[in-house]
Amino acid sequence: MTKTFEPVSSAADPRPEAVSPAREILLERMLEAPFDGNEAAMIRAVGFRFLIGEDFRTHERDPFAPGLHTLWIHRIGVHADNLRPPLRQIARAVHRLGQLFCRNFYGIEIERSVRVGRRLEIGHQSGIVIHRHATIGHNCVIRQGVTFGVGTDWIEGKGPVIGNGVRFGVGSVVMGNVTIGDRVTVGPNCVISSDVAPDCTLFLPPPRVLPKARPATA
């Protein structure tokens with residue numbers, strides 16, 4: 001389900017100004033289209049300040065959320081391509097230091113080459129590793145222990161392509177250059193190594209329950 005957010009004027013909101021109704025319609029229509037992977041162009045289209053404010057609201061307005069910090073650092077690194085020197089070099093330096101901090105202290109590794117759409121929610125922290133060439137669509141959710149990794153068909157410059165509205169459960173793994181369609185729900189600890197059609201749910205079979213052997217009586 002697509003989240004909707006109302007414009008607010010709270011002092012704690014990174015984007016306090018209101019959005020006109022016409023622009024709000026355009027922004028919502030953008031979420032319905034597939035993410036083309038050009039994150040820098042997306043930032044130019046919606047505005048950097050608007051995007052970090054939207055990320056803030058996506059993470060339930062929690063300024064201490066590690067996932068929010070990681071996503072903001074990532075946005076700064078991508079937005080550096082839209083800036084002129086010396087701001088570009090400053091933004092890249094801030095991104096590099098922040099990315100190392102998020103990787104080493106939060107356990108969330110997302111490099112600048114990853115392409116992320118709008119309203120990504122990174123729930124919790126630890127053990128999150130994203131393939132350096134992954135593309136993640138709009139309105140996705142990634143929880144702790146999720147890995148987008150390299151498969152046997154590794155090709156430089158290519159990685160997993162995640163559609164819009166995909167939700168990953170705890171410990172799920174995506175291996176190789178696979179494509180996951182829109183609105184897919186991935187259950188905990190699932191391993192995906194082939195393409196997944198849109199509007200599907202993936203889950204593991206329930207564990208077998210075996211009775212314990214009773215000790216032999218004399």
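This is a predicted model: local features need pLDDT of at least 70, side-chain atom pairs count only at pLDDT 80 or more; totals for chains, interfaces and linings use all residues.

Biologist: OK, is valine 19 buried or exposed?
Modeller: Valine 19 counts as buried because its relative accessibility is 14%. You'll find valine 19 in the segment before helix H1 (21–32). In space, valine 19 sits 9.4 Å from phenylalanine 50, C-alpha to C-alpha, though 31 residues separate them in sequence.

Biologist: And how much of the chain is buried?
Modeller: 43% of its 218 residues. The chain has five helices and 14 strands; these are DSSP runs numbered from the N terminus, with helices (H or I) of at least four residues and strands (E) of at least two.

Biologist: What about H4, how long is that helix?
Modeller: H4 has 14 residues and spans 20 Å from first C-alpha to last, close to the expected 20 Å at 1.5 Å a residue. That expected span is 1.5 Å times one less than the number of residues.

Biologist: Why is H4 largely enclosed?
Modeller: Because 11 of its 14 residues are buried, the rest of the structure largely encloses H4. Among the buried ones are Leu68, Leu71, Ile73 and Val78. The buried residues of H4 pack against several elements, including helix H5 (87–106) and strand E1 (108–109).

Biologist: New topic: what lines the second largest pocket?
Modeller: 13 residues do, with Glu60, Glu121, Ile122, Gly123 and His124 nearest its centre. Helix H4 (66–79) and strand E3 (121–122) are the elements that each give two or more residues to that lining. A pocket here is an open set of points on a 1 Å grid over the protein atoms alone, where a 1.4 Å probe fits, with protein on both sides within 12 Å along at least five of seven lines; lining residues have an atom within 4 Å of a point.

Biologist: Last one: how confident is the model?
Modeller: pLDDT, the predictor's confidence in each residue from 0 to 100, averages 90 over the chain, and 91% of residues score at least 70. Over residues 1–12, pLDDT stays under 50.

Definitions and conventions: Residues are numbered from 1 along each chain as its sequence is written. Side-chain values use heavy atoms; hydrogens and water are left out. Contact means heavy atoms within 4.5 Å. Buried means under 20% relative accessible area, exposed over 50%, partly exposed in between (1.4 Å probe, protein chains only).
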